[in-house]
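Visitor: I am new to this structure. Please show me how to read it, feature by feature.

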Amino acid sequence: MGRRFAQIAFTPHVKEEQVRQGSYLQYQRAEQNGRADHLLTEHESEFIQSRDSFYLATVSETGWPYVQHRGGRPGFLHVLDEHTLGFADYRGNRQYVSLGNIKHEDRVALFLMDYPSRSRLKILGHAVVHEGEAARSYIDVLSSPQDRNLIERVILIQIEAFDWNCQQHITPRYTEEQILNLMDPVRQRLAALETENKRLRQKVEMLSQASIPQVT
C-alpha cells in the first residue's frame with residue numbers, strides 16, 4: 001500500500017475503527033513505510049489496459065454516492081501516462097448521473113476487477129471532462145473509427161492514489177471468451193477422438209464386409 005492512498009482513505013473515523021478492531025498498527029506501518037509516490041508501474045498499466053470493464057464511483061451535491069459500470073473492449077480504459085487515465089464516454093441511457101456529480105465534485109474512485117485471477121485494483125483521482133472541440137485531440141487515441149460517432153465526451157482521470165486489494169472473498173468468474181479459450185484443449189481432444197472413432201468404425205465395416213474375423 002502506498003502512503004498516499006493511506007493518507008486519503010484513512011480518515012480519523014477510519015483510524016478509530018482500525019483501533020477498535022485491532023488493525024491500526026498494521027496499517028500505520030503501511031502508511032509510514034509504503035511507496036511515497038502514486039505513479040503507475042508497468043504492472044498496474046498492464047492490468048488496467050487488459051480490463052474490459054470497471055466501476056466508477058462519484059458523489060452528488062446532496063452527499064449520496066453513486067456507482068456506475070463502464071465497459072468495452074479490453075483496453076478501452078487507456079493509460080495515457082504514469083498518472084493519467086482516459087476513456088471515451090459513449091452515448092448511453094442519457095441519465096448523466098456521473099457527469100452531473102463530477103461537475104459538483106471531481107473526486108472519483110475506480111474499482112477494477114480481474115475475476116479469474118481474483119485481483120482488484122482501487123484508484124482514487126480527479127476526473128476532468130472534455131467535450132466538443134476540447135475532446136477532439138483525445139478521441140483518436142481513446143477510440144476506434146467505427147465507434148466515434150457514438151462518443152459524447154472524453155473523461156480523463158488524474159490519479160491521486162491507488163491500492164491493490166487482497167484476494168479474499170472474490171469468487172472467480174469467467175467471460176464467454178475466457179471459457180472458450182480454457183476449453184479449447186478439450187475441444188481439440190474430442191475432435192481427435194471423434195476422428196479416431198470414425199476411422200475405427202470404417203475399419204470394422206471393411207473387415208465385416210470382407211468376412212474377415214475381427215482381431216481383439
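Guide: Start with a helix and its cover. The buried residues of H5 are covered by elements that include E1, E2, E5, E6 and E7. Helices (H or I, at least four residues) and strands (E, at least two) are DSSP runs, numbered from the N terminus. Buried means under 20% relative accessible area, exposed over 50%, partly exposed in between (1.4 Å probe, protein chains only).

Visitor: What should I know about the model and its numbering?

Guide: This is a predicted model: local features need pLDDT of at least 70, side-chain atom pairs count only at pLDDT 80 or more, and totals for chains, interfaces and linings use all residues. Residues are numbered from 1 along each chain as its sequence is written, and side-chain values use heavy atoms, with hydrogens and water left out.

Visitor: Which residues are buried in H5?

Guide: They are Ser98, Leu99, Asn101 and Ile102. Viewed down the axis of H5, these buried residues fall within an arc of 165°, so they line one face of the helix. The arc is taken from the directions from the helix axis to the C-beta atoms.

Visitor: Where does H5 lie?

Guide: H5 spans residues 97–104 and lies across strand E1 (53–59), E2, E5, E6 and E7. H5 runs at about 50° to E1. Axes are lines fitted to C-alpha atoms, for helices over the stretch in contact, and angles run from 0 to 180 degrees between N-to-C directions. Contact means heavy atoms within 4.5 Å. Helix H4 (residues 42–49) lies across E3, strand E4 (84–90), E5, E6 and strand E7 (151–164), at about 80° to E6.

Visitor: In what order do the strands form the sheet?

Guide: Two strands pair if DSSP finds at least two bridges between them. Here 7 strands form an open sheet, in the order E2-E1-E5-E6-E7-E4-E3, with antiparallel pairing. Strand E2 (65–71) and strand E3 (78–81) are the edges, each pairing on one side only. On average, neighbouring strands are turned by 35° against each other, direction ignored.

Visitor: How many bridges join E5 to E6?

Guide: There are 8, between antiparallel strands E5 (residues 107–114) and E6 (residues 119–130). Take leucine 112: its bridge partner in E6 is leucine 121.

Visitor: How do I read a nonpolar core?

Guide: In soluble globular proteins, nonpolar side chains tend to be buried together. A nonpolar core is a set of buried Ala, Val, Leu, Ile, Met, Phe, Trp, Tyr and Cys residues joined through side-chain atoms within 4.5 Å. The largest one here has 21 residues, and Ile48, Phe54, Leu77, Leu85, Leu110, Leu112 and Ile123 touch the most other members. H4, E1, E4, E5, E6 and E7 each supply at least two residues of this core. E7 gives the most, with 4 residues. Apart from this core lies another, of 7 residues, including Ile139 and Val154.

Visitor: And the aromatic rings?

Guide: A pair of aromatic rings is described by the distance of the centres and the angle of the planes. Rings of Phe, Tyr and Trp (its six-membered ring) pair if their centres lie within 6.5 Å; planes under 30 degrees apart count as stacked, over 60 as edge-to-face and the rest as tilted. The structure holds 4 aromatic pairs. In one, phenylalanine 10 and tyrosine 27 have ring centres 5.5 Å apart and planes at 65°, so the pair is edge-to-face.

Visitor: Is phenylalanine 10 buried or exposed?

Guide: Phenylalanine 10 counts as buried, at 11% relative accessibility. Tyrosine 27, at 28%, counts as partly exposed.
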